[in-house]
Amino acid sequence: MPGFIQDKLEIKFLILYIAARVEEPVPFDTILDLTLCDDAIDYFDFSECLADLVRTEHLTLDSSGLYTLTDKGRRNGAACESSLPYSVRQRCDRNLAEWNRTLRRRRQVRATTE
């Protein structure tokens, strides 16, 4: 089944869509997993688009390897997210809901030893 994402600009829109909805900064692998919800996206196009978004200051990459959406990215992503195919947004929303549940569960579990 061919994917709905047609070009690198749409991949960037998808990455911004995802970054706006994760509850905390995420590593490369997580963004990759969440972005590969469409069959037309491959690793190399994804990597190039992610690097472009960091270079254009839509995302930041901190020293621990976590990506965070900037205000510029939030504004531009919100303006363009309606151009993403509805089915792709639905798949992303399902994947994001599962990821955010995992993050919340991880934050709830605390342990210490004495």
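The confidence of the predictor in each residue is given as pLDDT, on a scale from 0 to 100. The protein chain averages a pLDDT of 90, and 97% of the residues score at least 70. The model is predicted: local features need pLDDT of at least 70, side-chain atom pairs count only at pLDDT 80 or more, and totals for chains, interfaces and linings use all residues. Residues are numbered from 1 along each chain as its sequence is written, and side-chain values use heavy atoms, with hydrogens and water left out.

Helices (H or I, at least four residues) and strands (E, at least two) are DSSP runs, numbered from the N terminus. Confidence in the protein chain is highest in strand S2 (residues 59-61), at a mean of 97. Confidence is lowest in H5, at a mean of 89.

Strand S3 pairs with two strands, where pairing requires that DSSP finds at least two bridges between them. S1 and S3 are antiparallel, over 2 bridges. Proline 27 has leucine 66 as its bridge partner in S3. S2 and S3 also run antiparallel, joined by 3 bridges. Here leucine 59 is partnered by leucine 69 of S3. The S2 and S3 hairpin has 4 residues between the strands, and glycine 65 takes a positive phi near 85°.

Burial was assigned by relative accessible area (buried under 20%, exposed over 50%, partly exposed in between; 1.4 Å probe, protein chains only). Side chains alternate along S3. In helix H2 (residues 28-35), the buried residues include Thr30, Ile31 and Leu32, together with Leu34 and Thr35. Their cover includes helix H1 (8-21), strand S1 (26-27), helix H3 (43-55), strand S3 (66-69) and H5.

Leucine 103 lies in helix H5 (residues 86-108). Leucine 103 is buried, because its relative accessible area is 3%. Contacts (heavy atoms within 4.5 Å) link leucine 103 to Glu23 and Glu24, not counting residues up to four places away in sequence. Leucine 103 and valine 22 are 81 residues apart in sequence, yet 9.2 Å apart in space, C-alpha to C-alpha.

The structure holds 0 disulfides, each defined as a pair of cysteine sulfur atoms within 2.5 Å. For cysteine 49, which is in no disulfide, the nearest cysteine sulfur is that of cysteine 80, 13 Å away. Cysteine 49 counts as buried, at 0% relative accessibility. Cysteine 92 is also in no disulfide; the sulfur of cysteine 37, its nearest, is 3.2 Å away. Cysteine 92 is buried, with a relative accessible area of 1%.
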